[in-house]
Amino acid sequence: QVQLVESGGGLVQPGGSLRLSCAASGSIFSINAMGWYRQAPGKERELVAAITVGDRTNYADSVKGRFTISRDNAKNTVYLQMNSLKPEDTAVYSCNADVRISAFPAWYNYWGQGTQVTVSS
């Protein structure tokens with residue numbers, strides 16, 4: 001069993017910053033891609049940012065230049081540094097990871113429980 005646990009969400013004023021963390025634990029052989037998604041009330045879940053094991057990154061157009069995704073493979077942790085936050089960034093942010101749980105070459109997709117980010121004055 002693999003668990004993803006997010007932390008770092010909260011309330012921040014427009015223009016402020018937050019750093020989200022997501023730590024994976026459990027039966028982990030290796031982790032491939034990791035990513036952050038968000039879902040605002042009444043909207044569909046969308047990809048915010050993703051990072052491969054080789055540190056190639058991909059961002060939603062709406063966050064390019066403001067958000068930075070990174071990972072620490074030794075800690076099985078992915079981060080999302082969010083700067084210049086806007087009210088429209090308000091959402092539940094969830095992390096996602098493709099995990100290999102044994103030497104057998106099969107990958108399984110896992111989700112964290114989500115953390116609320118609210119940008120408001």
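**Entry 1: Contacts and overall build**

I began with the contacts in the protein that have a separation of 6 or more, and I found that residues 24 or more positions apart account for 55% of them. I note here that I am working from a predicted model.

Next I listed the secondary structure, which comes to eleven strands and zero helices, so that from the N terminus on the elements read β-β-β-β-β-β-β-β-β-β-β. I then looked up the radius of gyration, which is 14 Å and close to the 14 Å that the globule rule gives for 121 residues, so the protein is as compact as a globular protein of that length. Taken along the principal axes, the box filled by the C-alpha atoms is roughly 50 × 25 × 25 Å.

**Entry 2**

I turned to an open sheet of four strands, whose order is β1-β3-β8-β7 and whose pairing is antiparallel. Its edge strands are β1 and β7, each of which pairs on one side only, and the twist from one strand to the next averages 15°.

Is strand β8 largely enclosed or left open by the rest of the structure? I checked residues 77-82, which make up β8, and five of the six are buried, so the strand is largely enclosed by the rest of the structure.

I followed its two pairings in turn. With strand β3, which covers residues 18-26, β8 pairs in the antiparallel sense over six bridges; along this pairing leucine 18 has methionine 82 as its bridge partner, while cysteine 22 has valine 78. With strand β7, residues 67-72, β8 also pairs in the antiparallel sense over six bridges, and there I noted tyrosine 79 as the bridge partner of serine 70.

**Entry 2: The nonpolar core**

I then looked up the largest nonpolar core, which has 31 residues, and the ones with the most contacts inside it are Trp36, Leu80, Met82 and Tyr93. At least two residues of this core come from each of several strands, among them β1 (2-7), β4 (30-39), β5 (46-51) and β11 (115-119), and the strand that gives the most is β9, with five residues.

What does tyrosine 93 touch, once its neighbours within four places in sequence are left aside? I found a list of contacts that includes Trp36, Leu80 and Met82, along with Glu6, Leu20, Val48, Phe67 and Val117.

Aspartate 55 has a positive phi of about 70° although it is not a glycine. It is found in the loop between β5 and β6 (57-59), and at 47% relative accessibility it counts as partly exposed.

Asparagine 76 likewise is not a glycine and has a positive phi of about 50°. I placed this residue in the hairpin of β7 and β8, which has four residues between the strands, and I recorded that asparagine 76 is partly exposed, with a relative accessible area of 23%. Buried means under 20% relative accessible area, so asparagine 76 does not count as buried.

Technical notes:
Residues numbered from 1 in each chain as written. Predicted model: local features only at pLDDT ≥ 70, side-chain atom pairs only at ≥ 80, totals over all residues. Heavy atoms only, no water. Buried < 20%, exposed > 50% of the residue type's maximum accessible area, 1.4 Å probe, protein only. Pairing = 2+ DSSP bridges. Core = buried A, V, L, I, M, F, W, Y, C linked by side-chain atoms within 4.5 Å. Contact = heavy atoms within 4.5 Å. Rg over C-alpha atoms; globule rule 2.2 N^0.38 Å. Axes fitted to C-alpha atoms, helices over the stretch in contact; angles between N-to-C directions.
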